[in-house]
Amino acid sequence: MPRRRIRVTGAPEAPLRAALTALRTELGVPDSFPPAVLAEADRAAKAPVLPPLDATDIPFFTIDPPTSTDLDQAMHLSRRPDGGFRVRYAIADVAAFVEPGGALDAETHRRVTTLYFPDEKTPLHPPVLSENAASLLPDRTRPAALWTIDLDADGRTVAVDVHRALVRSRAKLDYEGVQRQLDAGTAEEPLTLLKDIGEARERLEAERGGISLNVPEQEIVEDGDGDGDGDGEGAGGGDEDGAGGGDARTYSLTYRAPLAAEGWNAQISLLTGMAAAELMLTHGTGVLRTLPAAPDGAVGRLRRTAQALHIDWPHHVSYAALIRSLDPRRPHHAAFLQECTTLLRGAGYTIFRDGNLPPLTTHAAVAAPYAHCTAPLRRLVDRYASEICLAAVAEQSPPDWVLAALDTLPKEMAEGGRRAGAVERGCVDIVEAALLKDRVGEVFEGCVVDVEERKPTVGTVQLDSPAVVARIEDGDGVPLPLGERLRVRLTRAELGAAGVRFAPV
């Protein structure tokens, strides 16, 4: 499920980029791999454990952002004689390269996930693997966990299989190119089926009450030396009271709405994760991605955010129905969708074994059992989930190294999630400070969306424009009016730990 996605442009020495570098240092994010890990990865890249089954005759293709090289998934879609569909989904077989108990394995358990910053990423695996030998790059033969999922004409799953195989992608496609082909009617059948299957799965998602957040990507763009006009969202007047430290650069915020093809592609991944969860539950051992229903307080906060952003949310309209009605191309809707990711923060990993199923087996946003298994190059748990599913189909017990790691995986993944959350919060604070650094002293319109229970003079305000969510504190000791509109003054905007602060006018 998505996190907030933020991207920045500009020179590496720019203050915004420098602040992101400082954040990495503050959070202890590693800037390199130990020599022993790199040496082991180099050896594995040259001599992976290859499966005997050859599926390189299947013309797989990948769909990713154009600059991506860590390609976890490749697909091939076809029609079945009965009017249904066949989804073949190849997932990078990271276990073919990682020796259990080795230096590389230990390093992935320390890192847990790839960390995404607006200007760069910190990978889970050394690039020699994640962006080369293990990646499903075009015209390269690669080991993979090959899923075959048969669907009926309505997109419902009727059969599932997964086994190891050698695969070979024929094409590295990107979302915009795929969307253009589909819109122009020039796509060949595998791509047209992506739309057919994706739309069918979206209908089933709505039917079961699931929610896919079409979270737009935020891009903060350096406008230059401050002499330009900007777009009114972050370009300031060079107020010397700001925390720019003499930097004359200004920044603007834009949103890139996801394309329909991105949603259809995500449905293939969701389909596979749901199939994996059902395999695990049927065979009695597994690791699920679970999420309880959102508490009323969290939904109430979102209702106040909707109010702040002038989004009409009648009380008789459910959260799921509202989400499906939003247009991520509209800035206020885009900002609200960004805030909706807060409802996913209660997600965790739940293990079970020997048929002892846990009380909670579902993911509230998926509205079904679900497992992470489609991104092993970027997420530790997926390597283990793949092994469990492969063993289940083979009617075997999972490997000992998998069973030995199960009990500690949820804690490791939770720690990795906390680290990723700290990265996200720190990046958002830095980006918002960059937008507002020259506007200290200005007055903005907003809405109080949250108030601390023990200190009601402190809370959170959502601005109308720019779409910034930040801390507000009434220095006169007056409780903040929860859920009400308020004029606030920007009192601080620093590219560092201090961040952005407001006070009531």
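# Questions on a predicted model

Reader: In which helix is the place of E107?
Author: This is a predicted model. In this model E107 falls within residues 103-111. Those residues form helix α3.

Reader: Does E107 count as buried or exposed?
Author: The relative accessibility of E107 is 6%. The cut-off for buried is under 20%. E107 is below that cut-off, so it counts as buried.

Reader: Which side chain does the side chain of E107 join in a polar contact?
Author: Apart from residues up to four places away in sequence, E107 touches F33, P34 and V37. The polar contact involves another residue, at a distance of 2.9 Å from side chain to side chain. The partner of E107 in that contact is R111.

Reader: Which residues are in contact with P123, leaving aside its neighbours within four places in sequence?
Author: P123 sits in the loop between β6 (121-122) and α4. Its relative accessibility is 16%, so P123 counts as buried. With neighbours within four places in sequence left out, the contacts of P123 are F33, R111, T114 and S130.

Reader: How many Å apart in space are P123 and S32, C-alpha to C-alpha?
Author: In sequence, P123 and S32 are separated by 91 residues. In space, the C-alpha to C-alpha distance between P123 and S32 is 9.4 Å.

Reader: What is phi of D139, a residue other than glycine?
Author: D139 belongs to the loop between α4 (127-133) and β7 (141-151). With a relative accessible area of 48%, D139 is partly exposed. The phi value of D139 is positive, near 60°.

Reader: What is the relative accessible area of E395?
Author: E395 is in the loop between α11 (380-393) and α12 (400-406). It is not a glycine, yet its phi is positive, about 55°. E395 is exposed, and its relative accessible area is 65%.

Reader: Is α6 roughly parallel or roughly perpendicular to α7?
Author: Two packed helices are described by the angle between their axes and the distance between the axes. For helix α6 (residues 189-208) and helix α7 (residues 260-283), the axes are 8 Å apart and the angle is about 65°. That angle makes α6, relative to α7, roughly perpendicular.

Reader: What is the handedness of the crossing of α6 and α7?
Author: Residues of α6 in the contact include L194, I197 and R201, and those of α7 include W264, I268 and L271. The crossing of α6 and α7 is left-handed.

Reader: How many Å separate R203 and D154 in space, C-alpha to C-alpha?
Author: R203 is part of helix α6. At 53% relative accessibility, R203 counts as exposed. R203 and D154 are 49 residues apart in sequence, and their C-alpha to C-alpha distance is 8.9 Å.

Reader: Are α8 and α10 roughly parallel or roughly antiparallel to each other?
Author: The axes of helix α8 (residues 296-308) and helix α10 (residues 331-340) come within 10 Å and cross at roughly 165°. The cut-off for roughly antiparallel is over 145 degrees. The pair α8 and α10 is therefore roughly antiparallel.

Reader: Which residues of α10 make the contact with α8?
Author: α8 passes α10 in a right-handed crossing. From α8, the contact is made by R301, L302, T305 and A306. From α10, the residues are F336, E339 and C340.

Reader: In what order do the strands of the closed barrel run?
Author: The barrel has 5 strands, with mixed pairing. β15 runs parallel to strand β17 (residues 499-504), to which 2 bridges join it. Strand β16 (residues 485-494) runs antiparallel to β17, with 6 bridges. The barrel order is β13-β14-β15-β17-β16.

Reader: Which residue in β17 is the bridge partner of R471?
Author: Strand β14 (residues 458-463) and strand β15 (residues 469-473) pair in the antiparallel sense over 5 bridges. In β15, R471 is the bridge partner of T460. In β17, R471 has as its bridge partner R501.

Reader: Which residue in β17 is the bridge partner of R489?
Author: β16 and β17 are joined by 6 bridges and run antiparallel. In β17, the residue that bridges to R489 is A503.

Reader: What is omega of the cis peptide bond that joins S465 and P466?
Author: P466 lies in the loop between β14 and β15. The peptide bond from S465 to P466 is cis, with omega at about -5°.

Note on methods: Residues numbered from 1 in each chain as written. Predicted model: local features only at pLDDT ≥ 70, side-chain atom pairs only at ≥ 80, totals over all residues. Heavy atoms only, no water. Pairing = 2+ DSSP bridges. Helix = DSSP H or I, 4+ residues; strand = E, 2+ residues; numbered from the N terminus. Buried < 20%, exposed > 50% of the residue type's maximum accessible area, 1.4 Å probe, protein only. Polar contact = N/O pair within 3.5 Å; in protein donor to acceptor, adjacent residues only side chain to side chain. Contact = heavy atoms within 4.5 Å. Axes fitted to C-alpha atoms, helices over the stretch in contact; angles between N-to-C directions. Parallel < 35°, antiparallel > 145°, perpendicular 65-115°, else oblique. Left-handed = near helix turned anticlockwise from the far one by under 90°.
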